[in-house]
Amino acid sequence: MPHPFKPGTLRQTLVIYLLVACLFPPILFSAFTYASLHGILSNKIRSGIDASLKQEATGLETVVNNLDFVSKQFALDGRIAELMNQYLRTTQPYDKAAIKKDIEDSLNVVNFTSPDLGLTVYYMPQATDPVLFTNLPVEPAFGIGGLPPFVRYRGAEIHGPHRTQYKNSENTVFSSLRVVRTDPNRSVFIYLETNYNSFRKFMNGAWYGMKVSHYLIGENGRAVYADEGTPPIAPGELRWEAARDGGKPYQGYYLFGYESPQGWKLVTAVSKSAFNHEIDIWLRRMILLFAFAFAFAIVLAMLIWRKVYGSLRKVNREIVRMTGEREAPVQYTKVEEFDQLLGNFQVMKTTVNHLIAEVGSNERTKYQLETEKLLSQINPHFLHNTLNTVQWVARSNGQEEIDMIVTLLVKVLQYNMGKHSLIVTVKEEIAALRDYIELQRYRYEDELSFRIEVDTAAENVAIPRFLLQPMVENAIYHGKNDEHGLIVIAVRLTPAGTLRLQVTDNGPGMDEEQIRKLFADEDERPRRGMGIGLKYVRRLLESFYGSGDRLQIRSRPGAGTVLFAEIPIRNEVELHDQSVGGR
């Protein structure tokens with residue numbers, strides 16, 4: 001154990017500083033007058049109020065910006081505006097219903113992506129039923145004429161604070177009103193409200209640590225009391241000049257103001273008693289502190305030494321353990337302040353561990369998400385309905401070949417873009433591939449022949465869906481020759497216990513540069529067929545088997561091409577866990 005007063009030790013420093021602080025309180029106390037103490041704490045309180053005021057104002061600016069942004073989406077977006085024009089012009093019930101569904105879908109999408117948004121209404125004053133569309137029920141007396149103006153911002157009229165027009169609600173909200181880009185002879189407005197708790201969330205007196213009152217001043221200079229109850233200063237008597245410079249006394253209150261570049265102002269009023277409360281408490285505590293400091297100086301020095309030094313050693317030990325024992329929980333000191341620090345350190349360790357695990361998990365799931373995105377590029381519902389219509393017309397006109405082609409195309413699309421599992425068996429993949437090949441035979445007639453060779457034992461092996469077709473599609477587009485072409489699809493079990501998927505053609509072959517282009521990004525080459533190339537296959541292999549390099553090409557000019565992938569045999573559960581968990 002070191003000498004109690006060894007020079008340069010923490011113990012010596014603590015004892016000396018504490019003795020000096022306790023032995024000379026009268027001198028220190030007399031050196032600091034009440035005016036200086038009042039000035040220090042006043043500045044601290046003013047800074048805290050200014051910071052809280054700016055935080056509230058920033059929240060309100062964010063609300064105004066969100067209302068402006070979302071209203072532009074509804075009012076100025078070319079697609080939504082055109083849908084609104086079509087809805088107003090059309091008289092056909094079926095067309096009107098379809099357009100209405102599109103508009104309602106747009107409302108739902110924007111509301112889902114804007115959690116701070118509440119009531120949304122398309123409003124046409126001259127219509128028999130002015131409320132054209134709404135995401136929530138509105139008051140029977142819904143209207144836009146009596147809303148209190150707040151500020152005009154980027155072409156939108158911001159109103160508030162006022163009672164919501166959502167039915168059976170008393171919440172206070174802000175709202176925006178913007179003209180929708182429609183035909184000149186029709187006046188359609190988009191009316192938006194903040195959600196039920198946005199106003200109270202950013203207009204929160206708890207941030208100040210004392211009771212404050214809020215006033216909002218619109219661009220017209222009219223002040224509105226923004227809190228519940230009776231205002232301490234009548235809004236009509238409030239003067240912005242008293243609050244502009246910050247902390248000016250006015251009718252027994254200190255006023256603090258913030259002027260937004262959006263054109264409005266926020267003022268908070270703090271009573272003098274609340275403003276000086278912390279200063280008064282500080283003075284009383286200082287008097288008590290100086291009264292007892294001298295008697296307990298030495299005792300406190302020793303207690304502080306024992307607690308601080310022992311706790312610091314434990315904190316240092318936990319920091320050192322972080323490098324080698326990242327998962328081990330911290331050991332607490334039973335000293336509240338240091339335990340709070342160690343608790344925060346434990347939270348940091350847990351967060352770091354979670355982030356490390358999350359980064360690895362995100363990297364693994366990224367490939368599956370990209371794969372699903374590719375499969376979702378075409379709207380299957382619309383496409384299938386259209387193809388079914390073509391099929392019905394072909395059958396009605398006795399066009400059996402067209403009927404058969406469309407039937408095959410529907411089967412291919414249902415398999416490739418269906419919503420069922422991404423994991424299938426080899427037998428299911430081959431069945432879907434046969435439909436695709438039959439469809440290609442109609443196109444190429446006698447130019448191409450196909451042969452499928454599948455080991456019976458391999459038919460029930462689980463593989464990712466839509467793995468073989470891009471490989472065959474590549475052989476069709478890059479393996480044709482001027483003579484009769486042959487494409488052989490082989491699925492076999494290897495002696496090494498793996499599954500080999502191979503597509504061979506007798507085409508013209510290719511050199512290294514052509515092979516590189518096959519794996520290039522989509523913007524480096526034109527899309528063909530289903531529009532999904534070999535890079536998709538590599539992503540599937542990366543996601544489900546850990547490496548896209550399992551896909552290989554062997555070819556040379558004039559000697560045909562062999563495209564193959566050798567993958568480990570796994571069941572459906574293992575493949576699913578691999579794609580979303582670990583490789």
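Lys 72 and Asp 68 are joined by a salt bridge, with their closest N and O atoms 3.5 Å apart; the term denotes a side-chain nitrogen of Lys or Arg within 4 Å of a carboxyl oxygen of Asp or Glu. The model is a predicted one, in which local features need pLDDT of at least 70 and side-chain atom pairs count only at pLDDT 80 or more, whereas totals for chains, interfaces and linings use all residues. Residues are numbered from 1 along each chain as its sequence is written, and side-chain values use heavy atoms, with hydrogens and water left out.

The two partners lie four residues apart in helix α3, and are therefore separated by about one helical turn. Helix α3 covers residues 34–76; helices (H or I, at least four residues) and strands (E, at least two) are DSSP runs, numbered from the N terminus. Asp 68 is buried, at 2% relative accessibility, while Lys 72 is partly exposed, at 29%. Here buried means under 20% relative accessible area, exposed over 50%, and partly exposed in between (1.4 Å probe, protein chains only).

## The surroundings of Asp 68

The side chain of Asp 68 also makes a polar contact with the side chain of Arg 178, at 2.6 Å. A polar contact is a pair of N or O atoms within 3.5 Å; within protein, one must be able to donate a hydrogen and the other to accept it, and residues adjacent in sequence count only if both atoms are side-chain atoms. Apart from neighbours within four places in sequence, Asp 68 is in contact with Tyr 153, Arg 154 and Arg 178, contact meaning heavy atoms within 4.5 Å.

## Other salt bridges

The whole structure contains twelve salt bridges. One of them pairs Glu 170 with Arg 163 (3.0 Å, N to O); Glu 170 is exposed, at 63% relative accessibility, and Arg 163 is partly exposed, at 37%.

Arg 492 and Asp 455 form another, their closest N and O atoms being 3.1 Å apart. This pair links distant parts of the chain, 37 residues apart: Arg 492 is in strand β15 (residues 485–493), and Asp 455 is in the loop between β13 (448–454) and β14 (462–464). Arg 492 is partly exposed, with a relative accessible area of 35%, as is Asp 455, at 23%. Elsewhere, salt bridges that share partners join Asp 68, Lys 72, Arg 154 and Arg 178 into one network.

## Nonpolar cores

A nonpolar core is a set of buried Ala, Val, Leu, Ile, Met, Phe, Trp, Tyr and Cys residues joined through side-chain atoms within 4.5 Å. The largest has 53 residues, of which Phe 74, Tyr 122, Ile 158, Phe 174, Leu 216 and Trp 264 touch the most other members. Helix α3 gives the most to this core, with eleven residues. Another core, of 46 residues, lies apart from it and includes Tyr 436, Val 491, Phe 544 and Ala 565.

Beyond four places in sequence, the contacts of Ile 158 include Val 64, Leu 67, Phe 150 and Phe 174.

## The chain as a whole

The chain holds 17 helices and 18 strands, and 43% of its 583 residues are buried. Among contacts between residues at least 6 apart in sequence, 63% join residues at least 24 apart.
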